[in-house]
Amino acid sequence: MSDFLNQLEEINGTLNDFIWSKFGVYLLIFVGIFMTIVTLFFQVTHFRHWMKETIGRVFGGGATAKHKADLHSISQFQALCTALSATIGTGNIAGVAGAICIGGPGAVFWMWFAAFFGMMTNYSENVLGIYFRRKNAAGAWCGGAMYYLEDGLGAKPGMKYIGKVLAVLFAIFAVLASFGIGNMGQVNKIVLNVKSAFFANVKAPEFAGVSLINWGIGFVILILAAIIIVGGLQRIAKVAERIVPLMSVVYLLGGIVIICLNFGKLGAIFGAIFKYAFSLKAVAGGTFGAFIKTVVSQGFKRGVFSNEAGLGSSVMVHSASNVKEPVRQGMWGIFEVFFDTIIVCTMTAIIVLASGKIDLATGLVAEGTDDATLVAATFGKYFGNPGEMFVAVAMFLFAFTTVLGWSQYGSKAIEYLFGEAWVKPYCIFFTLMTVSGAVMTSSLAWDISDTFNGFMMIPNLIGVVAMAPLVYRITKNYKDRHFKGVDVEPLVSYDPQIQAANAEAIRNGEN
């Protein structure tokens, strides 16, 4: 078993290095900047508008209402919560801590950088997802990168087969990624934090070289996941709608308390973030180029692992929204990245940098620091054992809802590849694989997740860039109607029937 894992780790390391250090980072930067320019910096120039149309509509009640005429869709708020359930997970807690421990405080800057431009990547993905979605035999919406690759890119002259091949590759990578980022990596961090908080002094017997505590937690997650996943998207969305907002608010409140207790350190914390985004001083004996590559790649990897902008994953659940207007769901994509990385990940970064385990003067990590439990240890430092237990519970719920969200992504990819009949067998296998995450080594589970993320990203970003002129036209159409009062037909779907029906609904005041 150990020989197999060592070989797997070696193969994965080679692939991971290529996709992230030599290719993926630059592709992400390019696409994020490119789509920001294409949309004329929509995330900045229309900041008040997209905030009003997202979180503003939540408090106003407009985004939470279910479309009564379509029992197979979910509300815009449920779509956001389900997408956030898949993004707000271990990446926001253990992932941020890991990025800082490996890349130094400067990695946080590059997470912000990735998020700023990633907002428009996610916006573009969701706009295309709504525009190219269709309904399956059961009447449920199906959307995602595979559809805008096949029907968007594939509709261009001479691109039919290329579009189809890229669509199939994306769907395959999405299925594989669902077992990595959406399953093994999440469950592994759950086990580490639960053991640290509740079973630190317990010496349990082992089975197959793994503690029975790991096995027990894995089976509990398996049972809970099976109960919810079998209910499909509707049940997943209802669970996410309740858990994600509650845990996010409680986690942020706890973080705010820690920030207030370390208010005097904030200047040094933010100074270290900006200083070590480019500085060589934090790494003794390294070269400037190698250090910058480490800092940037860690920031981007953890940023993407957290908010998933560029992967094309959340499109599959955003496309199930009852929204009529692609731009409206695109704005939820902007808010998703903003909340996930700019708010939640920044909170975690401040907590980590205020822990006393990172030397703000040198950027070096204290010897013996465990990035997997660093946030929990910091909460324990300020709130005692209940604080550490809270982080373990928060990690469990965040990561568990991520598992639920990614089960939906994998299901949609399987449906595209093999049809609806294969969805249930996939869900069964997916839930069984949660136990694998509980017994797998932390670094391997995390690295496999990174690799599958990268392979999933490539065909999706090709599709986004190829469809950039369409994103521009849809965005311009929306802005002309809403900001300039131009009387033009809403541009909402590639399908003539859906286009006609939704355009008429929009003219009648439905969104």
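**A buried loop residue and its surroundings**

Visitor: Is Asn262 buried or exposed?
Guide: The model is a predicted one, and in it Asn262 has a relative accessibility of 6%. The cut-off for a buried residue is under 20% relative accessible area, so Asn262 counts as buried.

Visitor: Where is Asn262 found, and which residues does Asn262 touch beyond four places away in sequence?
Guide: Asn262 sits in the loop that lies between H11 and helix H12 (266-275). Leaving aside residues up to four places away in sequence, its contacts are with Ala354 and Tyr382.

Visitor: How do the axes of helix H11 and helix H15 cross?
Guide: Two packed helices are described by the angle between their axes and by the distance between those axes. For helix H11 (residues 232-261) and helix H15 (residues 326-353), the axes come within 9 Å and cross at roughly 40°. That angle makes H11 oblique to H15, and the crossing of the two helices is left-handed.

Visitor: Which residues make the contact between H11 and H15?
Guide: H15 contributes Phe339, Ile343, Val344, Met347, Thr348, Ile350 and Ile351 to the contact. From H11, the contact is made by Ser248, Tyr251, Leu252, Gly255, Ile256, Ile258 and Ile259.

Visitor: In the largest nonpolar core, which residues touch the most other members?
Guide: This core holds 130 residues. Val375, with residues up to four places away in sequence not counted, touches Ile93, Ala97, Tyr251, Thr348, Ile351, Val352 and Val391. The residues that touch the most other members of the core are Tyr251 and Val375.

Visitor: How far apart in space are Thr36 and Gly118, C-alpha to C-alpha?
Guide: Thr36 belongs to helix H1 (residues 2-38) and, at 0% relative accessibility, counts as buried. Its contacts, apart from residues up to four places away in sequence, are Phe41, Gln43, Phe117 and Met120. Although Thr36 and Gly118 are 82 residues apart in sequence, their C-alpha atoms are separated in space by 8.6 Å.

Visitor: Of the contacts in the chain with a separation of 6 or more, what percentage is accounted for by residues 24 or more positions apart?
Guide: The secondary structure of the chain comprises 22 helices and four strands, and 60% of its 511 residues count as buried. Among contacts with a separation of 6 or more, the share that comes from residues 24 or more positions apart is 81%.

Conventions: Residues numbered from 1 in each chain as written. Predicted model: local features only at pLDDT ≥ 70, side-chain atom pairs only at ≥ 80, totals over all residues. Heavy atoms only, no water. Core = buried A, V, L, I, M, F, W, Y, C linked by side-chain atoms within 4.5 Å. Buried < 20%, exposed > 50% of the residue type's maximum accessible area, 1.4 Å probe, protein only. Contact = heavy atoms within 4.5 Å. Axes fitted to C-alpha atoms, helices over the stretch in contact; angles between N-to-C directions. Parallel < 35°, antiparallel > 145°, perpendicular 65-115°, else oblique. Left-handed = near helix turned anticlockwise from the far one by under 90°.
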